[in-house]
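What holds the parts of this chain together, and what sits on its surface? The report below takes up these topics in turn.

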Amino acid sequence: MSGFARPGTNSARPGSGMSVDQAMASARTGTAMNRPVTTSGRFVRLGTASMMSEPGGAFINLDKVNVSKYAERPAMCRALCDYILYVEHVPKKAVELCAAATQKASFKDWWWKARLGKAYYQLGLYREAERQFLSSLKDQDMIVTHLELGKIYMKLDQPNKAVDIYEAASRAHPAETLLLLAAARVHDAVNSTDRSMAIYKEVLEIEASSVEAVSCLAAHQFYSDQPEIALRYYRRLLQMGVQTAELWNNLGLCCFHSGQYDMCLTCFERALQLSQDDTTADLWYNISHLAIGIGDLGLAYQALKISVAADNKHAHAYNNLAVLELKKGNVDAARSGFGQSRTLNPFAFEAPFNLSLLCFKLGEFQESFEVVKRALECYPEHAESKELVKILEQKFT
């Protein structure tokens, strides 16, 4: 005996009393099915072992990835690098792969330098990332690299430097809306509203269907006490096919503040139909403002109850609900609501001021004085809090 089955001895030959299906399903002679198992056959090839996924495990075992080996295969290496950065979020391994690939490309490939900069950015090494992006721009002037470089300067708290980067790139790439939008965001972040709005209008001259530009212009008009103009912008978004709960919510608020009460309820109904768990509380909170505006305090109370039920950390809803409880004469419930709102949002001045005013009316002057001081810490220019402090100081003297 040789220790393994020889071809053609123990297996039936096709055509000897077998059907066609049985012949196709039977072991083929002379192939790897009947070959002896050798030592090399027990192991997967080392070149593909790291790319094999295990049931219930990771898609790629990054600990087994041989970066120097994959650096010699540019196409697969790039796909693997993006997978590591965007799916697995392991920037440390991406740095190893990018460094090996950059060295293999003789430090002349802009793509690898840009990916190395992104990996450093995810690691929080902003200066190293800046160096890599600048080196990448020397090899190839790319818009996406300018955008990533501007993000680094924003992380380094250098908004003016980021604006300079975007403006210089815009001169090199005119009519590129991505660069203009990035510059507008920075201007908006540093409260340079006029310049930001001018850039958004410039974007609309180039690309009339820019959702971000239309949305920002609409929000600016709304907070500038021009809800009618904001309503026109939001209607433009509807015409462009945008259907979100946030858009219908903003439409409802614009209709309410412009006096179109018949339309605002319909807009909020559409918003509730499209809302998710993270927006339901804000929608009902806005509906409560609508109800207060039209004098329906019962609807406002129910809307605020639903709002805090949907999100038990909604500080403004607790504050307004406490005001309505106070109107009903429930002093203990109102005090509890003001305290809850102040705990959830210690940087808002409304709840401390309301609580201090309640304590003042109850004759608890000392507690009222302590709470109103906290309200002034949040908003030093609040006139009513200052007036309450003067009255309390007169009481103490």
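Lys113 and Asp139 form a salt bridge, with 2.6 Å between the closest N and O atoms. Lys113 belongs to helix 6 and Asp139 to helix 7 (residues 126–139), so the pair ties together parts 26 residues apart in sequence. The model is predicted.

The two partners differ in cover. Lys113 counts as buried, at 7% relative accessibility. Asp139 is partly exposed, at 35%.

The structure holds 11 salt bridges. Another of them pairs Arg115 with Asp82. Here the closest N and O atoms are 2.8 Å apart. Arg115 sits in helix 6 (residues 110–123) and Asp82 in helix 4 (residues 74–88), so this contact ties together parts that are 33 residues apart in sequence.

Asp82 counts as partly exposed, at 24% relative accessibility.

Glu367 lies in helix 21 (residues 365–378). Arg335 lies in helix 19 (residues 331–344). The pair therefore ties together parts that are 32 residues apart in sequence.

Glu367 is partly exposed, with a relative accessible area of 33%. Arg335 is also partly exposed, at 24%.

Some salt bridges share partners. Lys118, Glu148 and Lys151 are joined into one network in this way.

## A patch of negative charge

Which residues gather in a patch of negative charge on the surface? They are Glu246, Asp277, Asp278 and Asp282. Helix 16 (residues 277–293) gives the largest share of this patch, three residues.

Asp277 lies in helix 16. Asp277 counts as exposed, because its relative accessibility is 73% and the limit for exposed is over 50%.

## Cysteines without disulfides

How many disulfides does the structure hold? The number is zero. A disulfide needs two cysteine sulfur atoms within 2.5 Å.

Take Cys77. Its closest cysteine sulfur is in Cys81, 6.8 Å away, so the two are too far apart for a bond. Cys77 is buried, with a relative accessible area of 0%.

Cys254 gives a second case. Its closest cysteine sulfur is in Cys255, at 7.0 Å, which is too far for a bond. Cys254 also counts as buried, at 0% relative accessibility.

Ala183 has its place in helix 10 (residues 177–189). Its relative accessibility is 5%, so it counts as buried.

Ala183 can be set against Leu147. The two are 36 residues apart in sequence. In space, their C-alpha atoms are 9.6 Å apart.

Most residues other than glycine have a negative phi. Where does Phe107 lie? Phe107 is in the loop between helix 5 (91–104) and helix 6. Phe107 is not a glycine, yet its phi is positive, at about 60 degrees. Phe107 counts as exposed, at 51% relative accessibility.

Asp225 also has a positive phi of about 60 degrees, and Asp225 is not a glycine either. Asp225 is found in the loop between helix 12 (211–223) and helix 13 (227–239). Asp225 is exposed, with a relative accessible area of 68%.

Conventions: Residues numbered from 1 in each chain as written. Predicted model: local features only at pLDDT ≥ 70, side-chain atom pairs only at ≥ 80, totals over all residues. Heavy atoms only, no water. Buried < 20%, exposed > 50% of the residue type's maximum accessible area, 1.4 Å probe, protein only. Patch = residues over 30% accessible without salt bridge, like charges linked within 9 Å, V, L, I, M, F, W, Y side chains within 5 Å. Areas by Shrake-Rupley, 256 points an atom, 1.4 Å probe, with all protein chains shown as cover. Salt bridge = Lys/Arg side-chain N within 4 Å of Asp/Glu carboxyl O. Lys, Arg positive; Asp, Glu negative; His and termini not counted. Charge placed at Lys NZ, Arg CZ, Asp CG, Glu CD. Helix = DSSP H or I, 4+ residues; strand = E, 2+ residues; numbered from the N terminus.
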